Amino acid sequence: KVQAKEENDSSNAGTGAVLAEVMTAAMKNMGGSRGSNAAQLLAMKALMENMFGGSVPTLRKILDGLAKVPTVEPGATVRDAGKVMAQYRKGVLVMDKKGKELLGILTPKDLLTRVISKNLSPDSTLVSEVMTPNPDCVTGDLTLLDALKEMHDHKYLHLPVREEDGRVVGLVDVMDLISHTAGGDGAGGGKGWRDFFRGAMAARGDREGSESGSEHSNSQHSKRSFKKGSTGKNDGAAAKEFERPVSKLRPKAPTTASASNTIYEVASKMTSNRVDAALLLDDGGVLAGIITDNDITRRVVAQFVDANEAKVDSVMTKNPKCVRSEDSALDALEMMVDNHFRHLPVLDKDGAVVGLLDIAKC
């Protein structure tokens, strides 16, 4: 049975981005030119303030409840950085030897696209060779609302936090923000977000018309790829509360590969397709598992697994939970928040895999 933390380990990129997306839809045309947009913005703020009992927390407050800043030096190997990233389940900041100057940032996606898919050795490749130098930073005064918008606008997965005096005080990813708002341990968080999701989706302007949001994979397996296990909801759940279906979240055509491929082969395909997750199929075209950039970091780089020799089925998350296109979008989002899922395979009425829901791109 798939464990929550194992199933969607790509937690560092995602859940809050859908919040940012729907909030940005209400904000981006503001400028004071249209009263209706101003009303939408006020509605978004009111929804979020209601969640926090009157005030939206700042990043400084959120960082107070997190562990120390995950850091490495530029001369460290990718292997060493991968171990730190696996421990903290997020990217790392690259600091000078004195630990005072921020030089760069390294993320799980960097390990996927710049190391494993390039067939570089994690033991001989230095962090300085593959990091993103001089990353943009935000201050601790930034609110959760603004942090989510910043991530959405710039497609950031992490935000380094640096005070005006130059002190680096932390690194937040989206799931840090979600876990904090859920009450620290994340318990029951999805229910807390549910009303916000509903109001935000309405403010975004979703309509009940076309149900063509799901894109079918152009993979040779797409028409006959089925899920072995059960879905998260029963048929007809989409009618509950007359909610919008999962298809409204616009799941993308999934990148698929054979579960018998090597890790390197799958990583190369993911990089070529510019994705951070892939669905793995068995010889009969049945969905067997999922692999993400975080899996590559935690189960390959940090565990000394040879990507050229090991098969991807040895490190993938097996039998991932799925939803159907007609299931409730709010139920799917709630599931992802509660379980720290970022990716969720989407099936059609017959159980065929037709999409992959990435909550960062809904």
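How do H5 and H6 lie relative to each other? I started my notebook with that one.

**Ground rules.** I am working with a predicted model, where local features need pLDDT of at least 70, side-chain atom pairs count only at pLDDT 80 or more, and totals for chains, interfaces and linings use all residues. Residues are numbered from 1 along each chain as its sequence is written, and side-chain values use heavy atoms, leaving out hydrogens and water.

**The helix pair.** I looked up helix H5 (residues 78-88) and helix H6 (residues 108-116), whose axes come within 10 Å and cross at roughly 150°. Helices here are DSSP runs (H or I, at least four residues), and strands are E runs of at least two, numbered from the N terminus. Axes are lines fitted to C-alpha atoms, for helices over the stretch in contact, with angles from 0 to 180 degrees between N-to-C directions. H5 and H6 are therefore roughly antiparallel (the term for angles over 145 degrees).

**Who touches whom.** I found Val78, Gly82 and Met85 of H5 meeting Pro108, Leu111 and Val115 of H6 (contact means heavy atoms within 4.5 Å).

**How covered is H5?** I noted that eight of the eleven H5 residues are buried (under 20% relative accessible area, 1.4 Å probe, protein chains only). Among them are Arg79, Ala86 and Tyr88. The buried residues of H5 pack against several elements, including strand S1 (71-72), H6 and helix H12 (293-301).

**After the helix.** I saw that arginine 89 follows H5, and its phi is positive, near 60°.

I checked valine 127: beyond neighbours within four places in sequence, its contacts include Val72, Val78, Ala81 and Leu106.

Notes:
Angles under 35 degrees count as roughly parallel, over 145 as roughly antiparallel, 65 to 115 as roughly perpendicular and the rest as oblique. Buried means under 20% relative accessible area, exposed over 50%, partly exposed in between (1.4 Å probe, protein chains only).
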